[in-house]
Amino acid sequence: MTRPNQQAAFGLLLLLAALLPGLRQWLEADMARHMLLQFPLLVAAGGLLASSLPAHMRRAFAHCNAHGLTGLLLAMLVLALWMVPRALDEAVRSTAIDAIKAASLLTAGAALRLSWAPAGPVVQAFFLGSWAWMNATVGTLYLQSPLRLCNAYLSSDQNQAGRGLVVIALAGVAWWLSRPEVRWFLFSDQRRQPATNIDIAPDRL
Amino acid sequence: MSAADTRSSLLALAVVALAGIAAFAWASSGFRVVTSETARRLAVAAEPLEIDDARLIGPGTPLHELRRELAADGRVALVDFIYTRCTTLCTTLGNEYQQLQREIAAQAVSDRVRLLSISFDPRHDTPEALAAYARRLRADSAVWRFATIDDASQLTHTLETFGIVVIDDEMGGYVHNAAIHVVTPDGRLHRIRDLGQWRQALADALALGAAS
């Protein structure tokens with residue numbers, strides 16, 4: 001998975017898996033599959049496809065993406081938007097809105113890929129923490145709501161999606177804490193030295 | 001990181017934040033709802049929705065097409081969507097419609113309000129099945145009619161217009177959003193009331209009938 005071409009090809013494969021007629025309907029027929037399988041497929045596809053973006057586009061994006069903030073905010077908003085039950089219902093109801101959903105999740109994946117390293121541990125921690133908190137909160141809401149929130153989905157689907165969101169949030173935090181550079185940042189003595197660590201860390205990622 | 005980069009990054013952040021706000025405003029109908037069920041109720045209450053025509057079939061005296069049926073009858077209709085094999089929501093709706101039927105008789109307003117139950121399961125709910133269902137609920141055909149739409153595309157279109165989503169419950173039945181729809185003789189949907197709000201639905205119907 002090192003060469004951009006290979007990455008892009010794999011990204012394309014994931015994109016097809018998420019959107020191919022038949023597969024798309026199967027994924028979207030169940031709330032948990034929709035949110036916990038199709039969304040990650042699209043985000044991952046966007047990240048992988050970003051590897052073959054031309055250099056001038058990456059440079060242009062980097063110019064307005066200081067500390068990865070723009071890209072991470074974009075990714076965060078996109079992920080949050082498609083957790084709104086109404087937005088999910090609309091994506092199931094209308095092909096046009098589903099296309100917007102897919103495009104936005106792809107973009108979120110690409111933005112995430114291009115922003116994660118420049119962000120550095122502090123900004124990463126902020127976004128990962130917010131994302132985990134958001135997932136866990138929405139997941140709990142799905143689980144506890146006595147109402148069926150989406151007209152397109154069964155209550156049992158809703159509960160499963162809720163549980164899945166909580167699990168993904170915890171897994172995300174665990175993954176982040178397990179990263180060597182995070183351990184380095186959290187536990188190394190160097191963090192007590194002012195100013196340098198944030199600038200060094202991204203290059204080490 | 002140059003000063004120019006900082007400036008363009010701040011600008012980009014502002015653009016992303018604004019786009020995010022716009023997207024959330026869309027999804028929540030202006031930060032008022034999170035579910036499509038509330039959204040359709042708000043939309044209808046804000047502006048009545050024109051219902052399209054569909055061929056109705058059902059027991060009893062022949063029914064007209066939906067629009068003409070509403071117009072020819074002249075009363076405000078409380079419309080619900082059901083299927084007769086349903087043992088959950090439709091039973092509740094059935095109970096509420098029985099209470100409505102009693103209340104309409106008690107208030108002597110059967111000349112102003114009528115009840116119309118439309119099945120979204122025409123394959124099973126033939127006019128005979130609907131007649132049996134009506135008998136079971138002791139429906140008075142002068143007040144409460146049952147019908148279905150046997151043309152698949154007309155049925156889909158009608159459900160879409162009303163905002164009814166019917167999904168497979170994985171046990172041979174259906175799950176659907178249930179509500180009482182207040183429809184005037186001119187074929188416009190004015191109000192959607194939740195289960196349990198049949199009194200309000202009746203009050204809406206009487207007010208709309210008096211206004212027209």
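1. Basis. This is a predicted model in which local features need pLDDT of at least 70 and side-chain atom pairs count only at pLDDT 80 or more, while totals for chains, interfaces and linings use all residues. Residues are numbered from 1 along each chain as its sequence is written, chains are lettered from A and ligands numbered from 1 in the order in which they are written, and side-chain values use heavy atoms, with hydrogens and water left out.

2. Chain A, fold. Chain A has 10 helices and 0 strands. Helices (H or I, at least four residues) and strands (E, at least two) are DSSP runs, numbered from the N terminus. Along the sequence the pattern reads α-α-α-α-α-α-α-α-α-α. The radius of gyration of chain A is 18 Å, close to the 17 Å that the globule rule gives for 205 residues, so chain A is as compact as a globular protein of that length. The radius is taken over C-alpha atoms, and the globule rule is 2.2 Å times the number of residues to the power 0.38.

3. The C-alpha atoms of chain A fill a box of roughly 55 × 40 × 25 Å along the principal axes. Of its 205 residues, 49% count as buried. Buried means under 20% relative accessible area, exposed over 50%, and partly exposed in between (1.4 Å probe, protein chains only). Take the contacts (heavy atoms within 4.5 Å) in chain A between residues at least 6 apart in sequence: 72% join residues at least 24 apart.

4. Gln38(A). This residue lies in helix H3 (residues 31–49) of chain A. Gln38(A) is buried, at a relative accessible area of 0%. Leaving out residues up to four places away in sequence, Gln38(A) touches Ala18(A), Leu19(A), Arg24(A), Leu27(A), Glu28(A), Arg33(A) and Lys101(A).

5. Chain B. Here there are 7 helices and 8 strands. The radius of gyration of chain B is 21 Å, well over the 17 Å from the globule rule for 212 residues, so chain B is more spread out than a compact globule. Its C-alpha atoms fill a box of roughly 80 × 45 × 30 Å along the principal axes. Buried residues make up 47% of the 212 residues. Of the contacts in chain B with a separation of 6 or more, 70% are between residues 24 or more positions apart.

6. Interface. The contact takes 30 residues from chain B and 26 residues from chain A. The buried area is about 2,300 Å², and carbon and sulfur atoms give 70% of that. Buried area is the accessible area (1.4 Å probe) that two parts lose on being put together, summed over both.

7. Helix H1 (3–27), helix H2 (36–46), strand E5 (166–168) and strand E6 (174–176) of chain B each supply at least two residues. H1(B) gives the most, with 12 residues.

8. Positive phi in chain B. Arg138(B) is not a glycine, yet has a positive phi of about 55°. Arg138(B) sits in the loop between helix H5 (127–136) and strand E4 (144–148), and is exposed at 67% relative accessibility. Glu170(B) also has a positive phi, near 65°. Glu170(B) is in the loop between E5 and E6 and is exposed at 61% relative accessibility. Most residues other than glycine have a negative phi.
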